[in-house]
Amino acid sequence: MARKHLLANIGVQPTKLAHSTKKEESRVEYARRGASRSMMQSLDDLAENSMRVLEGDVIVSLDPEKLDPSPYQDRIGEDPGKDQELLEAIKEAGQHQPVLVRPNPNDNTRHIIVFGHRRVRVAKKLGQNVRAVIKPLEEIAHVIAQGQENSARDDLSFIEKSLYARRLQESGIDKGTIKSALTIDDTLLSRMLSVAETVPAPVLDALGAAKGIGRDRWEDLKKIVQIPAKAAQALELVQSDAFLGLEEGDRFGVLIEKLKVSGARRPKKHPPAESAWSLSNDAVKVSTKDNGKAFTLALKSKDASQFGAYLSNRLERLYQDFQENREEGSD
């Protein structure tokens with residue numbers, strides 16, 4: 001059974017209208033007029049039909065230099081390797097999959113890419129036009145189309161989706177639309193936003209797309225950097241030359257391993273020095289414990305309570321004598 005896709009019915013012309021369209025009408029005008037009528041569909045229809053954007057739509061040829069990137073960045077950086085693979089494929093067999101664009105509301109000579117950024121980059125490198133479908137999508141429809149297209153290919157890493165969700169939220173896009181765009185539920189959206197907001201931005205930048213690093217490992221990192229000292233340590237690590245010299249795919253594992261290692265080992269605590277003696281032919285038994293920061297004196301005798309009170313009452317004078325004798329001994 002064929003998979004349903006978002007925006008399946010966008011641009012599909014009513015049968016009656018299709019038969020009445022004049023042959024001399026340009027392909028571009030046909031696409032624009034049909035897409036304009038399609039926006040009368042409800043957003044529910046857009047979400048329900050998923051991503052069958054291209055079937056039945058008119059494909060036009062556009063100058064890639066007149067295409068602007070989506071305002072909702074959903075990738076961290078570029079992948080030169082995949083770009084090169086795509087370039088070789090298009091160079092050999094042509095561009096089979098058109099990109100989806102919408103008119104730029106601020107410049108009627110330009111269009112905004114909804115999805116297909118890699119294909120546009122490759123077309124620029126090859127110095128050729130890009131095959132595209134034009135639809136005057138509203139902002140919400142743009143978000144859903146872009147997110148669903150990438151989610152359907154399982155092409156974005158967990159952190160790319162998380163940062164995409166945060167950018168959409170910061171742009172005023174409601175959570176229902178974000179969930180539709182990424183095909184996720186409330187719980188996963190909450191976790192994505194928590195990771196994106198908790199891990200310091202410089203750490204996220206240094207780790208990059210972190211392909212292959214899933215939700216659980218990002219949750220581990222989030223819990224670690226919630227401790228201020230660990231967050232500071234992470235910031236210091238990702239800015240070091242040694243860390244920046246690592247391959248991007250190795251950085252996450254190295255960072256979390258170093259953060260989980262406990263700090264410098266504390267010096268071993270030595271047991272307190274203990275001593276014991278007696279006074280006046282065992283009339284008073286004395287024991288002491290000294291750990292360097294505390295000194296404990298214990299007395300045992302039939303009049304230990306009275307003798308202890310006697311010493312306590314004279315501690316001030318005894319301490320003064322101690323200070324005076326210590327100063328004299330330092331000369």
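**Figure 1. Lining of the second largest pocket in the predicted model.** The residues that line the second largest pocket comprise five nonpolar, two polar and no charged. The structure shown here and in the following views is a predicted model. Phe295, Leu297, Leu299, Gly308, Leu311, Ser312 and Leu315 form this lining. Two elements, β8 (295-300) and α15 (304-313), each contribute at least two residues to the lining of the second largest pocket. The space within the second largest pocket amounts to about 270 Å³.

**Figure 2. Crossing of helices α7 and α9.** Helix α7 spans residues 158-170 and helix α9 spans residues 186-198; their axes come within 8 Å and cross at roughly 90 degrees. The two helices, α7 and α9, are therefore roughly perpendicular to each other. On the α7 side, the contact involves Phe158, Ile159, Lys161, Ser162, Leu163, Ala165, Arg166 and Gln169. These residues meet Leu188, Leu189, Met192, Leu193, Val195, Ala196 and Glu197 of α9. Sorted by class, the residues in the contact of α7 with α9 are ten nonpolar, two polar and three charged.

**Figure 3. Packing of helix α8 against α9.** Helix α8 covers residues 175-182 and packs with α9 at an angle of about 95 degrees, the axes lying 10 Å apart. An angle from 65 to 115 degrees counts as roughly perpendicular, and α8 and α9 are therefore assigned to that class. From α8, Lys175, Ile178, Lys179 and Leu182 take part in the contact. Their counterparts in α9 are Asp186, Leu189, Met192 and Leu193. The contact of α8 with α9 has five nonpolar, no polar and three charged residues.

Figure 4. Two aromatic pairs are found in the structure. One of them joins tyrosine 319 and phenylalanine 322, with 5.9 Å from centre to centre and 35 degrees between the planes. This pair is classed as tilted. Both tyrosine 319 and phenylalanine 322 belong to helix α16, which runs over residues 315-329. Along α16 these two residues are three residues apart, about one turn of the helix.

Terms used
Residues numbered from 1 in each chain as written. Predicted model: local features only at pLDDT ≥ 70, side-chain atom pairs only at ≥ 80, totals over all residues. Heavy atoms only, no water. 1 Å grid on protein atoms, 1.4 Å probe; cavity = no way out; pocket = protein on both sides within 12 Å on 5 of 7 lines; lining within 4 Å. Points joined across faces, edges and corners; volume = space filled by probe spheres on them. Helix = DSSP H or I, 4+ residues; strand = E, 2+ residues; numbered from the N terminus. Nonpolar A, V, L, I, M, F, W, Y, C, P; charged D, E, K, R; others polar. Axes fitted to C-alpha atoms, helices over the stretch in contact; angles between N-to-C directions. Parallel < 35°, antiparallel > 145°, perpendicular 65-115°, else oblique. Contact = heavy atoms within 4.5 Å. Phe/Tyr/Trp six-rings, centres within 6.5 Å; stacked < 30°, edge-to-face > 60°.
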